Amino acid sequence: MNAKKMANYTNNAKAQELWKTLYLCAKESPTRRFHALYDKIYRPDILWEAWQRVKRKKGSGGVDGQSIEEIVEEYGERKFMNELFLELKEKHYHPSPVLRTYIPKEDGKKRPLGIPTIKDRVAQMATKMVIEPIFEADFQDCSFGFRPKRNAHQAIAKIRKASRNHFWVVDVDIQGYFDNINQTKLMRLLEQRISDRRVLKLIRKWLEAGIMEEGKVRNPITGTPQGGVISPLLANVYLNTMDRLWQKKFNHLGELIRYADDFVIMCKTKQQAKESIQVILAIMNKLDLTINRDKSRLVNLWNDIDGFDFLGFHNRKFPKRLKGGKTIHVMAHIPKKNAMKKMRAKIKAYTEPRNKLYMDIQDLVKGLNRRLQGFKNYYQISPQGKKWLNRIDWYVLERLTLFYNKKRNNRKKHGNLKDVMKEVNHILVKLAS
């Protein structure tokens with residue numbers, strides 16, 4: 001291992017050691033407030049690790065137009081990091097407004113996204129690395145979103161397990177969660193664990209940095225900007241109030257399963273589900289949040305008549321025949337309609353352009369494989385899901401057949417399917433070997 005790689009390894013080890021120490025201290029004393037954290041944020045090894053993480057995630061630049069590629073290839077990583085180090089150390093650091101952009105949602109609406117500058121992203125990542133273990137010690141087992149070693153599949157597995165004897169689901173959608181977090185209450189929650197005024201001031205600066213949209217800066221008094229590196233952690237800190245309250249006082253009503261701002265409550269009876277709704281409404285009121293009544297639902301899981309969407313899956317009980325002719329209903333997780341629609345749109349967008357006709361079919365299949373692999377890895381978690389994934393496979397074959405015939409100027413657009421299947425199978429065997 002060369003010196004540069006050794007340095008990176010050592011820095012990672014130091015960062016991990018700090019994470020472990022802070023976590024254990026916080027876990028040992030649930031009421032302890034941490035007062036000497038700011039100097040750890042600009043510690044060179046922490047800053048360098050933060051930069052590496054931001055660089056790996058890529059992403060576009062913010063309001064200053066500076067991109068990761070520009071920093072690496074022109075500005076210089078060392079110069080960029082030294083400047084940020086001095087700004088933080090000498091307390092001259094001031095974040096820029098986030099650049100507001102919009103991402104299309106499945107329902108046709110648009111989701112607002114804030115893009116911080118690269119410098120702000122690195123500073124937020126370093127701060128997150130330092131304070132995350134402290135709050136991670138307080139987070140509940142019912143929370144799965146944006147946490148170390150936790151993921152959506154674990155949340156789905158918990159739903160599957162609970163569904164064996166929980167037949168009612170309270171499916172809750174919070175109205176514009178990230179935009180409506182009460183900043184004052186959020187800061188109070190942070191102060192329960194952090195007494196270092198410099199760290200609290202830094203976080204407040206990000207909350208008050210403002211949003212630039214169409215050349216104008218506005219300063220909302222609520223919310224955390226979606227897209228900020230530290231925003232998911234702050235969002236978890238805010239909703240951890242609900243998690244703790246539920247686990248302590250209302251766990252008898254049902255099992256809470258939360259992923260960021262999406263959550264469901266699995267209840268055994270309809271009465272428990274109704275009581276759960278009243279409790280959640282009261283907690284949301286305390287947190288100054290509102291339930292989206294159009295998207296929130298009460299679902300009966302007794303059979304295969306109804307189900308609910310959660311984390312990209314449609315979750316419903318499907319009939320399963322046992323030996324002797326008996327039929328039982330088993331929870332399954334299949335891609336929801338919009339996920340299938342989105343995947344087909346991606347496949348079509350990749351294969352449809354006329355300039356793709358110059359490609360060899362082997363290269364086209366390789367490109368499609370890259371796009372399909374993540375989709376299949378995510379959605380292939382229950383046997384019933386294979387049926388829906390097979391539909392995607394057939395759609396791919398349909399698109400490849402169109403490509404095959406266009407390339408050969410065949411008039412029958414959907415002819416030669418068998419030839420295409422043979423060629424694709426040959427390519428896949430070749431790629432696998």
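Domain bounds, as used in this tour, come from an automatic or database domain assignment. With those bounds, the centres of domain 1 and domain 2, taken over C-alpha atoms, are separated by 37 Å.

Before selecting anything, note that this is a predicted model, in which local features need pLDDT of at least 70, side-chain atom pairs count only at pLDDT 80 or more, and totals for chains, interfaces and linings use all residues. Residues are numbered from 1 along each chain as its sequence is written, and side-chain values use heavy atoms, with hydrogens and water left out.

**The whole chain**

Display the complete chain. Its C-alpha atoms fill a box of roughly 70 × 60 × 50 Å along the principal axes. A cartoon view should be read with 16 helices and 11 strands in mind; helices (H or I, at least four residues) and strands (E, at least two) are DSSP runs, numbered from the N terminus. Of the 433 residues, 46% count as buried. Buried means under 20% relative accessible area, exposed means over 50%, and partly exposed lies in between (1.4 Å probe, protein chains only).

**The two domains**

Next, colour residues 12-235 as domain 1 and residues 336-425 as domain 2. Where they meet, 4 residues of domain 1 are in contact with 6 residues of domain 2; contact means heavy atoms within 4.5 Å. The area buried between domain 1 and domain 2 is about 510 Å², with 54% of it given by carbon and sulfur atoms. Buried area is the accessible area (1.4 Å probe) that two parts lose on being put together, summed over both. The side of domain 1 that touches domain 2 consists of 2 nonpolar residues, 1 polar and 1 charged. Here Ala, Val, Leu, Ile, Met, Phe, Trp, Tyr, Cys and Pro count as nonpolar, Asp, Glu, Lys and Arg as charged, and the others, Gly among them, as polar. Between domain 1 and domain 2 there are 0 salt bridges.

**Salt bridges**

A salt bridge is a side-chain nitrogen of Lys or Arg within 4 Å of a carboxyl oxygen of Asp or Glu. The structure holds 16 of these salt bridges.

Select Arg 147 and Glu 136, whose side chains meet in a salt bridge at 2.5 Å, N to O. Arg 147 belongs to the loop between α6 (118-136) and α7 (152-162), while Glu 136 belongs to helix α6, and the two are 11 residues apart. Both Arg 147 and Glu 136 are buried.

Move to Lys 185 and Asp 288, a salt bridge with its closest N and O atoms 3.3 Å apart. Lys 185 is in helix α9 (residues 183-191) and Asp 288 is in the loop between α12 (270-286) and β8 (297-300), so this pair ties together parts that are 103 residues apart in sequence. Lys 185 is partly exposed because its relative accessibility is 26%; Asp 288, at 38%, also counts as partly exposed.

Then select Arg 204 and Glu 208, where the closest N and O atoms of the salt bridge are 4.0 Å apart. Arg 204 is partly exposed at 35% relative accessibility, and Glu 208 is partly exposed at 44%.

**A buried leucine**

Finish at Leu 389 in helix α15 (residues 385-407). With a relative accessibility of 3%, Leu 389 counts as buried. Show its surroundings: leaving aside residues up to four places away in sequence, Leu 389 touches Phe 375, Lys 376, Tyr 379 and Gln 380. From Leu 389 to Tyr 379 the C-alpha distance is 8.0 Å, and they are 10 residues apart in sequence.
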